[in-house]
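Please find my notes on this model below. They are set out as numbered points.

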Amino acid sequence: MKNKIAAAPYLVWMIVFILVPLLMVAYFAFTDKDGNFTLDYVSDVAQYTPIFVRSIWLALISTVICLLIAYPLAYILIGMNTNIQSTMLMIVMLPMWMNFLLRTYAWMTLLGNNGLINAVLGLVGLGPFKMLNTEGAVVLGMVYNYLPFMILPIYSVMVKIDKSVLEAAADLGCNSWKTMVKVVFPLSLPGVFSGITMVFVPAISTFIISRMLGGGGNLLIGDLIEMQFLGNSYNINLGAAISLVLMVIVLLIMTILNQFGADEDGVMVM
Amino acid sequence: MSENIVTLNDIVVEFDGERILDKINLEIKDKEFVTLLGPSGCGKTTTLRIIGGFLNPDSGDVMFDGQRVNGLPPYKRNVNTVFQRYALFPHLNVYDNIAFGLRVKKIPEKEISKRVAEMLKLVNLVGFEKRSINRLSGGQQQRVAIARALVNHPKVLLLDEPLGALDLKLRKEMQIELKRIQEQLEITFIYVTHDQEEALTMSDTVVVMNGGKIQQIGSPVDIYNEPTNAFVADFIGESNILHGLMIKDRLVEIAGSQFECVDSGFGENTPVDIVIRPEDITLVAPDEAKLGGIVESVIFKGVHYEMLIEGYDFRWIVHSTKAAEKGASVGISFTPDDIHIMHRMKDNEKKEETAENEE
Ligand SMILES: Nc1ncnc2c1ncn2[C@@H]1O[C@H](COP(=O)(O)OP(=O)(O)O)[C@@H](O)[C@H]1O
Ligand SMILES: [Mg+2]
């Protein structure tokens, strides 16, 4: 009873700010400008398939790169003494204290044709290379911005693994690589899956990074949706339809992931 | 020399400048059941970790079969461990936990399933194969930990208080079972416990430790009957430990009276500690003995009565199948055989010194 009362404000919050907007998206996606039911907009989404594919592809690459950087880093971190651990975590978190837009602007000035990197390369007679307005720049921006969201969940799960369990693995014949594969990895999976979720979902729907670092040629779904609501191709219904399809895709991918991620105790990661 | 399967030479371990193990010397023979016995915090687990390879000594040598193995990682040592807090793999079920070591060694699955089944029978967990570790009681987890180590048939098995979480009945059963396994599989057991009864009933050799030092090494009978100092005597069982004076060989002064005894070689007029076991004392009429006192309490302990006798400046513990009357005046009698003379403990001397300094 007490719990229910305490939960009430959150319930209201969830209804007003999550459920209602979701229902509104669904409503606009399935109606035309006069409010009549139609499937036109939802079927129109099909014409943007290449953009969807590119968004999923870039988000996937970024997520994998984040994972490849974050996992070994977390494993190295937990082997260090606690003082160094907290300092290193601080450094990981440091960029997050700065505004997201500013950080991305910084990359623009670094990567531009007249930017810092090309200037330095120019001194040794190389370049200039076209780095800004490429897919690579978009992936870089995503990895840079979302990496902490991969490191933190993996680290926090790994640090809780009982050290004596690792000793038990060594006792039973595992060198440190086998210990990692047979014990640390399975036990850190929940962290890996929440890290993947926390990187993949914002990466697939970003529009700032792609526009600032990808230029006009690397449009992503996020840009497409933004254009329907705020841009000159103003079309709320189409925007809602694209959003709905995106949500369904994300939900599908996460459900598939969780098929692997949910362990015996049914720990869900999402 | 080479019949010693494990040898520790002058092992020293320090944590934060504090000496945790102080020159541990230990020789363990093949197929021996050795127990490290001592109070909590005395360094038993640390000693096991040195042997298992989880910790390297600050100085001293660890030898296996006469070969120095300092720095050799645990997975290269033919040793398995039953950890004090089990350290089971939480992501694996009972079967997979026990099979873990065999799978690492790439033993065929058919053989694995045979050996795991044997182990499950041994530790009384048949039918629990698929059970998740998190849904086992402490005692069941402990038995999985024993099975997981034993299934590998190591040459040396390290057991860190492996029966601590079991209730008395199961503990007694497992004690017998472990002893049987050790003899049948001919494995060297290095067993840690703080329970002196467990140590005395199971071991070939008992190593009594305190404060990072070995106090005594010997057979259970030796340790019980001939403790080398007051700490061992006290730790091994309830006992009467008195200060005395060795007048000369075979004559000792206890509480102001002189007694014949069987010990010699302590020199003349040497302060010593004396142990007289509660069950060795006979209560007699006050005028039939040199020492005596008033019966302060009588408690029935199942087989015998435990009585406290308030003497002149010492309170005696006496075990007897016959109860004396509370408040009665009694004489305390023992034979020369029952008097165990020990060198006065260094720690005692230290304490006395500091006490003197404070005055
Ligand atoms: N990693 C460590 N760091 C600092 N002190 C330790 C560490 N491990 C053990 N100690 C200390 O060493 C002493 C002996 O510990 P331990 O060998 O576990 O004793 P026991 O197993 O006999 O109870 C204790 O005082 C304990 O606090
Ligand atoms: Mg211990």
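**Notes on the model**

1. Start with a loop residue. Asp16(B) sits in the loop between strand E1 (4-15) and strand E2 (18-29) of chain B. Helices (H or I, at least four residues) and strands (E, at least two) are DSSP runs, numbered from the N terminus. Phi of Asp16(B) is positive, near 50°, in a residue other than glycine. Asp16(B) is exposed, at 84% relative accessible area. Buried means under 20% relative accessible area, exposed over 50%, and partly exposed in between (1.4 Å probe, protein chains only).

2. Basis of the values. This is a predicted model, where local features need pLDDT of at least 70 and side-chain atom pairs count only at pLDDT 80 or more, while totals for chains, interfaces and linings use all residues. Residues are numbered from 1 along each chain as its sequence is written, chains are lettered from A and ligands numbered from 1 in the order in which they are written, and side-chain values use heavy atoms, with hydrogens and water left out.

3. Domains of chain B. Chain B splits into domain 1 (4-225), domain 2 (239-276 + 335-359) and domain 3 (282-333). These bounds come from an automatic or database domain assignment. Between the C-alpha centres of domain 1 and domain 3 of chain B there are 42 Å.

4. Thr45(B) is partly exposed at 29%, and Gln84(B) is partly exposed at 31%.

5. Ligand 1. Its shell includes Phe15(B), Ile20(B), Pro39(B) and Thr46(B); a residue counts if one of its heavy atoms lies within 4 Å. H1(B) gives the largest share of this shell, 3 residues.

6. Chain A overall. Chain A has 12 helices and 0 strands. Its C-alpha atoms fill a box of roughly 70 × 70 × 30 Å, along the principal axes. Of its 270 residues, 40% are buried.

7. Two loop residues in chain A. Thr31(A) lies between helix H1 (2-29) and helix H2 (40-44) of chain A. Thr31(A) is buried, at 7% relative accessibility. A polar atom of the Thr31(A) side chain is 2.8 Å from the backbone oxygen of Tyr27(A). Asn133(A), in the loop between helix H6 (116-123) and helix H7 (135-158) of chain A, has a positive phi of about 60° although it is not a glycine. Asn133(A) is partly exposed at 35%.

8. Back to chain B. Is Ile187(B) buried or exposed? Ile187(B) is buried, with a relative accessible area of 2%. Its C-alpha atom is 6.9 Å from that of Leu157(B), 30 residues away along the chain.

Technical notes. Polar contact = N/O pair within 3.5 Å; in protein donor to acceptor, adjacent residues only side chain to side chain.
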